[in-house]
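Trainee: Please take me through this model feature by feature, with the cut-offs stated as they come up.

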Amino acid sequence: LVLTVSEGTARRAFRERRTYVLGSIRAAGKTGSLDEHAPFRDYSWFVGFAPAEAPLIVVSTFIMNHERWRIRAPYVGREMLRTALVPGHTPYRPVAAPARNLAMDAR
């Protein structure tokens, strides 16, 4: 399971600019995927834990993508582990569009 994160199918998800994002914390996990073609759906999942030697956090993610959106479950699992275990890490938060006043739009 450690090799899945360090060298296997989740390796790229746990790196940014070729650097392991959890620092000295080793994670372990298992990935999987499945796709359908009509209609198009892409499924991915990740189950993992960290630290690998004495787990404190366990995550399980399941993602279903349509044609236009691509995020993989190992990335979501990585961000969950990173937010919980890496001091000072602030998770990505998209900026919401400003609220629209529908009454003003109707004029």
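Mentor: The buried residues of helix 2 are A73, P74, G77, R78, E79, L81, R82 and L85. Buried means under 20% relative accessible area, exposed over 50%, and partly exposed in between, with a 1.4 Å probe and protein chains only. Helices (H or I, at least four residues) and strands (E, at least two) are DSSP runs numbered from the N terminus. This is a predicted model, where local features need pLDDT of at least 70, side-chain atom pairs count only at pLDDT 80 or more, and totals for chains, interfaces and linings use all residues. Residues are numbered from 1 along each chain as its sequence is written, and side-chain values use heavy atoms, with hydrogens and water left out.

Trainee: What covers the buried residues of helix 2?

Mentor: Contact means heavy atoms within 4.5 Å. The cover includes strand 1, strand 3, strand 4 and strand 5.

Trainee: How many residues does helix 2 have, and what does it reach from its first C-alpha to its last?

Mentor: The expected span of a helix is 1.5 Å times one less than its number of residues. Helix 2 has 13 residues and reaches 18 Å, close to the 18 Å expected.

Trainee: How much space lies in the largest pocket?

Mentor: Rolling a probe the size of a water molecule over the atoms shows where empty space is left. On a 1 Å grid over the protein atoms alone, a pocket is an open set of points where a 1.4 Å probe fits, with protein on both sides within 12 Å along at least five of seven lines; lining residues have an atom within 4 Å of a point. Grid points are joined across faces, edges and corners, and a volume is the space filled by probe spheres set on the points. Here the largest pocket holds about 260 Å³. It is lined by 13 residues, of which T9, A13, T31, R72 and P74 are the closest to its centre.

Trainee: Which elements give two or more residues to that lining?

Mentor: They are strand 3, strand 4 and helix 2 (73-85). Strand 3 gives the largest share, three residues.

Trainee: Which peptide bonds are cis?

Mentor: The bond from A38 to P39 is cis, with omega near -5°. P39 lies in the loop between strand 3 (28-37) and strand 4 (40-50). Another cis bond joins A50 and P51, with omega about -15°. P51 is in the loop between strand 4 and strand 5 (57-65).
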